[in-house]
Amino acid sequence: MRLPEIPAPYFDLEMTLDSGQVFHWEKIGKGFAGTIGQYAVYAEQDDDVLKVRFGGTPKPTRETRALPRIVAHYFALDHPLADICDSFPDDPVMTGARDFCRGLRIIRQPKWECMATFLCSSMKQVAHIRQISLALRRRFGEQRTIDDRVVYTFPAPQRIARASEKQLAQCKLGYRAKNLRATAQLLTSGDCDLEAWSALPDTELGQKLCALPGVGPKIANCVMLFAYERLRAFPIDVWIERVLRQQYFARRKKITTRQLREFSQTYFGEHGGYAQQYLFHHARMNGRNGSAPSRSSGARSSLRKTG
């Protein structure tokens, strides 16, 4: 069966899915299976083309015909990636990360799914976050099929709000269960509206997010970047703090996290979120054989030129 094709220039599917943004996609043959919202999706890349297949939709409908656009939006294939990379600071560290991460895009994630996932990520490595995400999906999400593969949607906040802390803790959440449940209850009661917050300016959005249980500046910036498409947002976790201290402030013994945050906002500019993700992924890949800090601590297809 011929798979629907989506133009995908300047895109590396495998690198994007393995870069610590999302944690539920699984490698299947030449491609990956996962969910986008409520849809089961299989995607594989052939050079500058993304081939996709959707689960549970044997006959084309108006809705299924729109799904390629949903996939293209999810993977942010409309971001002017060449221009974004050209806007990065011209220094050896950033240049090395940019060259290593050619084709990596910032995914547009569903807001609740992104928030909940990063609430579960505190002090966890990427492999552990994947385990938590899968456990939550299997226990509280909805089952979907793509060919002969079973995938699961991320559970709605109402489902998490009804669960007990004990049930959530059984998904390897530990102390994070309390914060996840409390946030889900705030959404379910209507006391906060993640979708409505899209209209807020960056500063106010960050304040709203940090007021949620268990959310600090690092998680708030992850959610702003990955769910709200605030491309200036610059999450600082262990990997990024290490890069900044060792590569940009090697001669300064004392520099605070606040100073690092202020530096990153000005130095990396309007596409700082992309710069951060490239620095993070580059550092993480180069550090896999050594000690592995978490994605949140307080964390090849053909490569085409983007500049």
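The model is predicted, so to speak of local features a pLDDT of at least 70 is needed, and side-chain atom pairs count only at pLDDT 80 or more, while totals for chains, interfaces and linings use all residues. Numbering starts from 1 along each chain as its sequence is written, and side-chain values use heavy atoms, with hydrogens and water left out.

**The chain as a whole**

- The protein chain has 15 helices and seven strands; these are DSSP runs numbered from the N terminus, with helices being H or I of at least four residues and strands being E of at least two.
- Of the 307 residues in the protein chain, 53% are buried; buried means under 20% relative accessible area, exposed means over 50%, and partly exposed is in between, with a 1.4 Å probe and protein chains only.
- The accessible surface of the protein chain is about 14,300 Å², and 49% of that belongs to carbon and sulfur atoms. Those areas come from the Shrake-Rupley method with a 1.4 Å probe, and for residues only the protein chains shown count as cover.

**Helix α5 against helix α15**

- Two packed helices are described by the angle between their axes and the distance between the axes.
- Helix α5 (residues 92-100) packs on helix α15 (residues 272-286) at an angle of about 80°, with the axes 9 Å apart. Axes here are lines fitted to C-alpha atoms, for helices over the stretch in contact, and angles run from 0 to 180 degrees between N-to-C directions.
- That is why α5 and α15 are called roughly perpendicular; the class covers 65 to 115 degrees, with under 35 being roughly parallel, over 145 roughly antiparallel and the rest oblique.
- On the α5 side the contact (heavy atoms within 4.5 Å) uses Val93, Met94, Gly96, Ala97, Arg98 and Phe100, and α15 brings Ala275, Tyr278, Leu279, His281, His282 and Met285.
- By class, the contact of α5 with α15 has eight nonpolar, three polar and one charged residues. Nonpolar here covers Ala, Val, Leu, Ile, Met, Phe, Trp, Tyr, Cys and Pro, charged covers Asp, Glu, Lys and Arg, and the others, Gly among them, are polar.

**Helix α9 against helix α10**

- Helix α9 (residues 165-173) and α10 pack at about 125°, with axes 9 Å apart, so α9 and α10 are oblique to each other.
- The crossing of α9 and α10 is right-handed, a label given if the near helix is turned clockwise from the far one by less than a right angle, with anticlockwise giving left-handed.
- From α9, Glu165, Leu168, Ala169, Lys172 and Leu173 meet Arg176, Ala177, Lys178, Leu180 and Arg181 of α10.
- Sorted by class, the α9 and α10 contact has five nonpolar, no polar and five charged residues.

**Helix α11 against helix α12**

- The axes of α11 (residues 202-210) and α12 (residues 217-226) come within 9 Å and cross at roughly 125°, which makes α11 oblique to α12.
- Asp202, Leu205, Gly206, Leu209 and Cys210 of α11 make the contact with Pro217, Ala220, Val223 and Met224 of α12.
- α11 passes α12 in a right-handed crossing.

**Positive phi**

- Most residues other than glycine have a negative phi, and most peptide bonds are trans.
- Alanine 76, not a glycine, has a positive phi of about 50°. It sits in the loop between α3 (67-74) and α4 (81-86) and is buried at 0% relative accessible area.
- Glutamate 229, also not a glycine, has a positive phi of about 60°. It lies in the loop between α12 and α13 (238-248) and is partly exposed at 33% relative accessibility.

- Leucine 13 is in helix α1 (residues 13-17) and is buried, at 2% relative accessible area. Its C-alpha is 7.8 Å from that of glycine 103, 90 residues apart in sequence.
- Histidine 24, in the loop between α1 and β2 (26-28), is buried at 12%. Between histidine 24 and isoleucine 129 there are 9.1 Å, C-alpha to C-alpha, at 105 residues apart in sequence.
- Leaving aside residues up to four places away in sequence, histidine 24 touches Ala33, Gly34, Thr35, Tyr74, Glu113, Arg130, Ser133 and Arg137.
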